[in-house]
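I opened my notebook and went through this structure piece by piece. Here is what I looked up, in the order I got to it.

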Amino acid sequence: MTATGTPRVSVVCPTYNRSRAITRTIDSVRAQTVGDWELLVVSDGCDDDTEDWVARAAAEDPRVRLLRVARSGHPSGPRNAGLAAARGAYIAYLDHDDTWHPHHLRVVLGMLEAGAEMVATGCEYRDAAGREVAPLPPLSCCWHPQLQLMGPMFEPSRVAQRRGLVEAVGGWRAGAGLEDWDLWLRLADAGHVFRTVLEPTAVLLTDGGTRRHRMPRPHRMPLVTLTDARAAHALLLELRAGRHDAAFRAACLADMREWYARMAADRTFARPADWHGDLDAEVERVVTGAGKLFEELVLVPQRGRFALAKNLLCARPEHARRATGLLPAIQSRQLRLLRELAGAAVCAPAGSSDPALVPGQ
């Protein structure tokens, strides 16, 4: 605590029916090398013994505080309650099934006190058995407003920010998609920027039972649209057959290199402060090492037409429209290949009328 007894940083941890397992998360905060924090564990109407375990921790350490809110079924409500009760100049988030390494708060506070508004650290992804699932590539710790628009970044347990920023853009919002993606995008739209480090300071649970894996995908990003259902289905099968993978990987690499070069020239672009690798080489490594292509494409009826589209986890239709609108500028070569293949599918014997190939519609 500071000389006045006010914590430097408030840690907001929403929880629901975590029971004794919540103590691992709490203990990871108590083990921080920085001591002037408060931990606000916000119970979202827990009806098991989770609150008892939090109360025991609070009895041992007065920096731990238990807050109770009515059941909302979504972490945004408890997070907003935690923000309202927070006393620190800075806010850090920690989900109830994640933990921190002892130096996490030291790292994020060092960046915030050096002038950053929002910071994100690297992390380790581990399954329920504690096994590391996959290393975090440096590109995942690069940030730019366009990257924030196009994909989910930075789970809450990796993020800290100056107090007041979130409330100024409307707080955490509930929804069908990723509420953190929604919030970080609104902050970016308000002109705020992330600064990052690659060093892993958080351990995140990644498991089929976590909420992210159960989320519906209510919005889609159309890539190419055809008027004939049989031609659209033939195109999907042709893409999944793998015969065009090499051409699409080459197009993707050229598109990505060009996009990252444009973003890197922008002062808002953030690369990890502790990573000094070659950005272009990292783009090539990620693209060439990607898994199967087109597995996530779906065929979607659209007002008498048929779109090949990607599912999106974003929370709101406007977000999906914006991402779709940016796509032609950042994937021009890939979309051109799709149009060429779609034209061939329409010209095949099973096809029919005008293909109406309009990416993004």
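This is a predicted model: local features need pLDDT of at least 70, side-chain atom pairs count only at pLDDT 80 or more; totals for chains, interfaces and linings use all residues.

**Entry 1: a salt bridge at Arg-30**

I started with Arg-30 and found a salt bridge to Asp-61, with the closest N and O atoms 3.3 Å apart. Arg-30 sits in helix 1 and Asp-61 in the loop between helix 2 and strand 3, so this pair ties together parts that are 31 residues apart in sequence.

Arg-30 is partly exposed, at 28% relative accessibility. Asp-61 has a relative accessible area of 6%, and the cut-off for buried is under 20%, so Asp-61 counts as buried.

A reminder to myself: side chains of opposite charge can pair when their charged atoms come close.

**Entry 2: the helix that holds Arg-30**

I stayed with helix 1, which covers residues 22–30. Its buried residues are Ile-22, Thr-23, Thr-25, Ile-26, Ser-28 and Val-29. What covers them? I noted strand 1 (9–15), strand 2 (37–44) and helix 2 (50–60). Strand 3 (64–69) and strand 5 (99–100) are also among the covering elements.

**Entry 3: His-96**

I looked up His-96 and found it in the loop between strand 4 (90–93) and strand 5. Is His-96 buried or exposed? It counts as buried, at 16% relative accessibility.

I then listed its contacts, leaving aside neighbours within four places in sequence. His-96 touches Cys-13, Pro-14, Thr-15, Tyr-16, Arg-18, Ile-22 and Thr-25. Two of those names were already in my notes, as Ile-22 and Thr-25 are buried residues of helix 1. I also checked His-96 against Trp-172, 76 residues along the chain, and their C-alpha atoms are separated by 17 Å.

Glu-179 and Arg-79 meet in a salt bridge, 2.9 Å from N to O. Glu-179 belongs to helix 7 (residues 179–189) and Arg-79 to helix 3 (residues 76–85), so the pair ties together parts 100 residues apart in sequence. Both Glu-179 and Arg-79 are buried.

**Entry 4: two helices crossing**

I moved on to helix 10 (residues 245–264) and helix 11 (residues 279–288). Their axes come within 10 Å and cross at roughly 150°. The crossing is right-handed.

From helix 10, the contact uses Arg-249, Cys-252, Leu-253, Met-256, Arg-257, Tyr-260 and Ala-264. From helix 11, it uses Leu-279, Asp-280, Val-283, Glu-284, Val-287 and Thr-288. I sorted these residues by type and got 8 nonpolar, 1 polar and 4 charged.

Ala-254 is also in helix 10, and it is partly exposed, with a relative accessible area of 27%. Ala-254 and Val-287 are 33 residues apart in sequence, and their C-alpha atoms are 9.8 Å apart.

I marked Arg-303 as exposed, at 82% relative accessibility.

**Entry 5: the whole chain**

Last, I zoomed out. The chain has 13 helices and 12 strands. Its radius of gyration is 23 Å, close to the 21 Å that the globule rule gives for 361 residues, so the chain is as compact as a globular protein of that length. The C-alpha trace spans about 75 × 45 × 40 Å along its principal axes.

Of the 361 residues, 51% count as buried. I also noted that, among contacts with a separation of 6 or more, 81% are between residues 24 or more positions apart.

Technical notes. Residues are numbered from 1 along each chain as its sequence is written. Side-chain values use heavy atoms; hydrogens and water are left out. Axes are lines fitted to C-alpha atoms, for helices over the stretch in contact, and angles run from 0 to 180 degrees between N-to-C directions. Helices (H or I, at least four residues) and strands (E, at least two) are DSSP runs, numbered from the N terminus. A crossing is left-handed if the near helix is turned anticlockwise from the far one by less than a right angle, and right-handed if clockwise. Contact means heavy atoms within 4.5 Å. Ala, Val, Leu, Ile, Met, Phe, Trp, Tyr, Cys and Pro count as nonpolar, Asp, Glu, Lys and Arg as charged, and the others, Gly among them, as polar. Buried means under 20% relative accessible area, exposed over 50%, partly exposed in between (1.4 Å probe, protein chains only). A salt bridge is a side-chain nitrogen of Lys or Arg within 4 Å of a carboxyl oxygen of Asp or Glu. The radius of gyration is taken over C-alpha atoms; the globule rule is 2.2 Å times the number of residues to the power 0.38.
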